[in-house]
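Here are some notes on the fold, as requested.

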Amino acid sequence: MAAEKMSLSKAINASLRTALESDPKVLIMGEDVGKLGGVFRVTDGLQKDFGEDRVIDTPLAESGIVGTAIGLALRGYRPVVEIQFDGFVFPAYDQIVTQLAKMHARSLGKVKLPVVIRIPYGGGIGAVEHHSESPEALFAHVAGLKVISPANASDAYWMLQQAIGSDDPVIYFEPKRRYHDKSEVDTAAIPGPLHAARVVRPGADLTLAAYGPMVKVALDAAAAAAEEGKSIEVVDLRSMSPIDFDTIQRSVERTGRLVVVHEAPVFLGTGSEIAARITERCFYHLQAPVLRVGGFHSPYPPSRLEDEYLPGLDRVLDAVDRALAY
């Protein structure tokens with residue numbers, strides 16, 4: 001099959017459809033995922049084609065949704081849970097971190113919980129409070145969970161396929177402001193490792209590392225910097241737990257500088273761990289301190305202020321200039 005250009009949201013829909021077709025044990029659960037097709041229409045048409053027993057509209061009860069998914073996984077199913085918005089996941093946090101993440105270790109490896117939790121996350125859509133958070137670090141800190149985020153339609157399709165096929169629980173963060181961004185998807189391709197970072201733009205002067213919604217901003221920043229003669233390498237991290245430090249290290253050993261970008265607050269964010277680890281690994285290669293760009297350590301603001309809160313092109317380029325000034 002030839003590659004098809006599709007939006008990120010359509011790629012997720014296609015991936016879910018493939019999973020439902022290929023494995024009768026795959027189920028989709030969540031608020032409004034059935035008849036409505038999800039608030040972002042990501043699951044549109046799936047209940048119509050696969051029935052209410054496999055695409056299940058649940059009550060508004062996130063803890064119950066995840067708890068039910070854990071029980072189904074114990075009986076051999078592969079539930080794919082949708083949390084409607086990032087800020088709605090916290091009623092289920094107890095189930096996720098004390099049960100879902102721990103059961104494999106608690107049972108000395110005898111129990112596997114192949115549960116995927118899809119979470120649309122991040123800002124940029126003009127939404128109200130609890131609809132624009134980036135809580136990935138809260139999950140990456142928990143041993144027993146895989147935490148990933150695609151930045152384009154191809155990764156959205158293949159990373160979800162790999163997550164559903166995993167015997168470990170996966171938190172799959174969907175960059176909702178990129179739902180309509182289109183790119184080529186080859187559904188017959190052989191995907192690379194799920195947790196491998198990828199150099200998406202080569203460069204020589206500095207490494208920009210980002211994931212999810214910020215990869216596009218990083219690429220735009222690299223293109224803008226190129227107009228001033230600066231060669232920026234962009235690394236799409238793709239996975240926040242585990243993190244592919246080897247790919248970042250190889251890049252930084254070439255460029256000597258690193259800026260890490262994410263929407264989440266800089267304070268104790270994913271970038272903090274990357275900065276610390278790369279400083280340890282690349283101390284004698286670094287020509288400047290590792291810099292971080294992200295959201296502020298404050299509640300997510302009203303939509304009219306979110307452009308000031310979200311790290312954009314100017315803040316990324318400012319960090320690039322500061323790193324290159326050393």
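1. Which residue of β3 stands opposite I28? In this predicted model, the residue opposite I28 is V55. The strands concerned, β2 (residues 26-30) and β3, run parallel and are joined over 3 bridges.

2. Both strands belong to an open sheet of 7 strands with mixed pairing, in the order β3-β2-β4-β5-β7-β6-β12. Its edges are β3 (55-57) and β12 (239-241), each of which pairs on one side only. From one strand to the next, the twist averages 20°.

3. Helix α1 (residues 8-22) packs on this sheet and touches β2, β3, β4 (78-82), β5 (116-121) and β7 (170-175). The direction of α1 makes about 135° with that of β2.

4. An unreviewed UniProt entry annotates residues 6-181 as "domain: Transketolase-like pyrimidine-binding". In the model, this span is 36% helix and 17% strand, and its end C-alpha atoms lie 8 Å apart.

5. Another open sheet, of 5 strands, has the order β9-β11-β10-β13-β14, again with mixed pairing. β9 (198-201) and β14 (291-295) form the edges, each pairing on one side only. Ignoring direction, neighbouring strands here are turned by 25° against each other on average.

6. R292 in β14 is the bridge partner of V260.

7. Helix α9 (residues 245-255) packs on the sheet of point 5, with contacts to β9, β10 (206-210), β11 (232-236) and β13. The angle between the directions of α9 and β11 is about 175°.

Conventions. Residues are numbered from 1 along each chain as its sequence is written. This is a predicted model: local features need pLDDT of at least 70, side-chain atom pairs count only at pLDDT 80 or more; totals for chains, interfaces and linings use all residues. Side-chain values use heavy atoms; hydrogens and water are left out. Two strands pair if DSSP finds at least two bridges between them. Helices (H or I, at least four residues) and strands (E, at least two) are DSSP runs, numbered from the N terminus. Axes are lines fitted to C-alpha atoms, for helices over the stretch in contact, and angles run from 0 to 180 degrees between N-to-C directions. Contact means heavy atoms within 4.5 Å. UniProt positions are given in the numbering used here, feature names are shortened, and annotations may be inferred rather than shown by experiment.
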